Amino acid sequence: MPAIRGAKSKKKTRRYTRDVDQVHADLRSERHLAQFKDTKAIEDLPGLGEYYCKECAKWFESETNFGAHQKGKPHKRRVRQLREEPYSQKEAEAAVGLSTDNGKRTTAPMEVDEEAGAGQ
Ligand SMILES: [Zn+2]
């Protein structure tokens with residue numbers, strides 16, 4: 001989580017890394033991660049893409065840098081953040097009372113009263 005630095009900081013993309021939900025998918029599936037890595041040219045990456053921190057979606061120049069990163073605060077913060085399930089559309093819908101329940105129906109389908117509609 002970035003510190004509160006005003007609205008402008010949210011629009012900056014230079015240091016943008018993957019979002020938490022994307023990293024979640026990366027950790028779950030190797031293919032998802034490979035798909036992301038394929039979008040980068042290996043010669044443009046620091047250390048030719050050899051040292052990559054999955055959790056932070058960051059490349060490092062050397063093993064020393066990578067090791068130092070994994071001991072650091074930003075990495076640990078990120079790992080802690082990743083332990084929680086990412087916020088999803090499903091959760092957002094559940095919060096306002098929408099949920100998908102495809103279980104067995106307990107009530108009979110609503111009967112359409114044709115006369116009530118015709119009377120008006
Ligand atoms: Zn990291």
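Predicted model: local features only at pLDDT ≥ 70, side-chain atom pairs only at ≥ 80, totals over all residues.
1. Residues are numbered from 1 along each chain as its sequence is written. The score called pLDDT is the predictor's confidence in each residue, from 0 to 100. Over the protein chain the average is 81, and 79% of the residues score at least 70.

2. Now the parts list. The protein chain has 7 helices and 2 strands; these are DSSP runs numbered from the N terminus, with helices being H or I of at least four residues and strands being E of at least two.

3. How much of the chain is buried? Of the 120 residues in the protein chain, buried ones make up 4%. (A residue is buried if 20 or more other C-beta atoms lie within 10 Å of its own, exposed if 12 or fewer, and partly exposed in between, with C-beta atoms placed from the backbone.) As for contacts (C-beta atoms, placed from the backbone, within 7 Å), take those in the protein chain between residues at least 6 apart in sequence: 31% of them join residues at least 24 apart.

4. There is one annotation to look up. An unreviewed UniProt entry gives "domain: C2H2-type" for residues 51–80; its positions follow the numbering used here, feature names are shortened, and annotations may be inferred rather than shown by experiment. In the model, residues 51–80 are 57% helix and 20% strand, and the end C-alpha atoms of the span lie 21 Å apart.

5. Two residues deserve a look at their backbone. Most residues other than glycine have a negative phi. L48 is not a glycine, yet has a positive phi of about 50°. L48 sits in the loop between α3 (30–37) and β1 (51–53), and is exposed because 11 other C-beta atoms lie within 10 Å. A57, also not a glycine, has a positive phi of about 55°. A57 is in the loop between β1 and β2 (58–60), and its 19 C-beta neighbours inside 10 Å make A57 partly exposed.

6. Finally, find S99 in the loop between α6 (89–95) and α7 (114–118). S99 counts as exposed because it has 9 C-beta neighbours inside 10 Å. Setting aside neighbours within four places in sequence, S99 is in contact with E93 and A94.

Technical notes. Contact = placed C-beta atoms within 7 Å.
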